[in-house]
Amino acid sequence: MHDTIQRLFRYKAWANDELLTSLARLAGDSTITGLAIKALSHTYIVDRIFNAHMRGQPHAYTLANASKMPTLEELSMDIRKSDREYIHYVSTLDRDQLSERIDFVFTDGAPGRMSREEMLMHVITHGIGHRGQVSALMLLNSLPASKDGFTTYLHDAEASTRGRAAA
């Protein structure tokens, strides 16, 4: 499972980068960009909250949504940095650390207890859902959605082992 989690976080970074790059090509005042920033800002905050929970550190978030929206450029920088941190973090974990259950408090004050592996899987699946929302917005507005499928990632990142020439 450890190798799978590492691969999933590399995929997450790749998919985020694909989407952020697609959004950067849109006009800055696009309605889609504003809505995308709201959705992706939320995923970024949740990523940071769970990062803090897994490390047993406090965080300053009282909500899982930003009160003031960042620019696309600021958010892109933050997401890419967070993705790099997660890729490094998951590479350092062993089986015992993955299965360790951690007590924490949700932003609404409710107590929580999850294994580190469960938290990591939440971060992965939560981001997939919100990237899908943004892609749907793009498609509904006759714009091409970014390529973000796991199979596309595998054949791009591991081209030589999948019978493809490197891009």
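Predicted model: local features only at pLDDT ≥ 70, side-chain atom pairs only at ≥ 80, totals over all residues.
Tutor: Local features here need pLDDT of at least 70 and side-chain atom pairs count only at pLDDT 80 or more, while totals for chains, interfaces and linings use all residues. Residues are numbered from 1 along each chain as its sequence is written, and side-chain values use heavy atoms, with hydrogens and water left out.

Student: Why are helix 2 and helix 3 called roughly parallel?

Tutor: Helices are DSSP runs of H or I with at least four residues, numbered from the N terminus. Helix 2 and helix 3 (residues 72-91) pack at about 30°, with axes 10 Å apart. Axes are lines fitted to C-alpha atoms over the stretch in contact, and angles run from 0 to 180 degrees between N-to-C directions. Angles under 35 degrees count as roughly parallel, over 145 as roughly antiparallel, 65 to 115 as roughly perpendicular and the rest as oblique. Helix 2 and helix 3 are therefore roughly parallel.

Student: What makes helix 2 and helix 5 roughly antiparallel?

Tutor: The axes of helix 2 and helix 5 cross at roughly 180° and come within 10 Å. Helix 2 and helix 5 are therefore roughly antiparallel to each other.

Student: What makes a space in this structure a cavity?

Tutor: On a 1 Å grid over the protein atoms alone, a cavity is a set of points where a 1.4 Å probe fits but cannot get out. Points are joined across faces, edges and corners, and a volume is the space filled by probe spheres set on them. A search of the whole structure finds one cavity of 30 Å³ or more. The largest cavity has a volume of about 40 Å³.

Student: Which residues line the largest cavity?

Tutor: Lining residues have an atom within 4 Å of a point; among them are Leu-40, Thr-43, Asp-47 and Ile-79. Helix 2 gives the largest share of the lining, three residues.

Note on methods
1 Å grid on protein atoms, 1.4 Å probe; cavity = no way out; pocket = protein on both sides within 12 Å on 5 of 7 lines; lining within 4 Å. Helix = DSSP H or I, 4+ residues; strand = E, 2+ residues; numbered from the N terminus.
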